[in-house]
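Thanks for making time this morning.

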Amino acid sequence: MTTAPPRPSPAAAALSGDDPAAGAAARPNGATWRGLPPDVPPRPSGAGWVLVALRGGAVVTVLLVGVLLLLPLRAAERLFAGRRRPLTGPWVQGVCRLCLLVLGIRWQCRGARMRGPGAMVANHSSWLDIFVLNAAAPVFFVSKSEVAGWPGINILTRVTDTHFVTRDPRLARVQAAEFAERTALGHRLLFFPEGTSTDGRRVLPFKPTLFQAFLDPALPQGLAIQPVSVRYTAPWGREPRFYGWWGDMDLGPHLLAVLGQWRQGSVTVTLHPPIPVAGHDRKSLAAAAEAAVRAPFPEPPPRV
């Protein structure tokens, strides 16, 4: 069974409204890779289907048990820590690390998590980013409000305290206040400034409009933004874009391809030094964050 969600997954649908296709031709090499049809992921065969069943069942079990045990932890937090998340943040982090282990995807994290008040911004390549970024640090994804109504996914987004935003200028002040409140509580919100996902081999230009939210005077003093790079390495013998999920790709075939891959590839998360917000406007802040996230990636492939 396949499904083609409107773009993108809970992790993918972050931020203010941006048409993924808009401005593609204006981006370096953007027209080239967007103009090429995504590779059809290899369909599992033979033992691959056994892996699909085993890994898929194991991941679902880990998530179900994780959610069931998360609820009493959340109740304890509410009693002793209010809206802070000293227990469930690390719990979700552990669950996501276990999911990556079950999937067989090798994972490593470089750099140190920021300690002061702030948020994180990262490039976005795949539905796997949900597990990968949560494994690197306790974070709370920012997603468009429509995701809150997606069956099944809406349960996960609610229990993991996803921060929803509505694309309505009339609500900008209220949403800015909510963002400031969560930041003051120590919640590490994570944004995707590209506005869509890519094939995993490049970083698209960051949208400066997002970074305006970080300049609100109601936010805590000393606020900083930590850029995060997520770079996938495909399994041996597979197309370099194997883990990328973008454009109009169906989720079902891609999910089956990853689950049925006998020997998996790897992913590296790089936590860059935080960028202090003070002294920046939204454009310079976006440029600095983009440069940091782009650093671990090679130069864009040549036009073909």
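Predicted model: local features only at pLDDT ≥ 70, side-chain atom pairs only at ≥ 80, totals over all residues.

Let me begin with helix α4, residues 129-136, which is mostly covered, since seven of its eight residues are buried; buried here means under 20% relative accessible area, with exposed being over 50% and partly exposed in between, for a 1.4 Å probe and protein chains only. The buried residues of α4 are Asp-129, Phe-131, Val-132, Leu-133, Asn-134, Ala-135 and Ala-136.

Residues are numbered from 1 along each chain as its sequence is written, and side-chain values use heavy atoms, with hydrogens and water left out.

For the overall picture, the protein chain has nine helices and eight strands, these being DSSP runs numbered from the N terminus, H or I with at least four residues for helices and E with at least two for strands. Of its 304 residues, 49% count as buried. Among contacts with a separation of 6 or more, 77% join residues 24 or more positions apart, where contact means heavy atoms within 4.5 Å.

Now to how the helices pack. Two packed helices are described by the angle between their axes and the distance between the axes. Here the axes are lines fitted to C-alpha atoms, for helices over the stretch in contact, and angles run from 0 to 180 degrees between N-to-C directions. Helix α2, residues 47-81, packs against helix α8, residues 251-259, at about 95°, with the axes 8 Å apart. That makes α2 roughly perpendicular to α8, on a scale where 65 to 115 degrees counts as roughly perpendicular, under 35 as roughly parallel, over 145 as roughly antiparallel and the rest as oblique. On the α2 side the residues are Trp-49, Leu-51, Val-52, Arg-55 and Gly-56, and they meet Leu-256, Val-258 and Leu-259 in α8.

What angle do α2 and helix α3 make? For α2 and α3, residues 88-103, the angle is about 175° and the axes are 10 Å apart, and the two are therefore roughly antiparallel to each other. The residues making this contact include Arg-55, Val-62 and Leu-73 of α2, and Trp-91, Val-95 and Leu-98 of α3.

Returning to α8, its buried residues are Gly-252, His-254, Ala-257, Val-258 and Leu-259, and what covers them includes α2 and α3.

Leaving aside residues up to four places away in sequence, Arg-182 touches Arg-83, Phe-140, Asp-161, Thr-162, His-163, His-187 and Leu-189.

Val-165, in strand β4, residues 163-165, is also buried, with a relative accessible area of 16%. Its C-alpha atom is separated by 7.2 Å from that of Val-142, 23 residues apart along the chain.

That is where I will stop, and I am happy to take questions.
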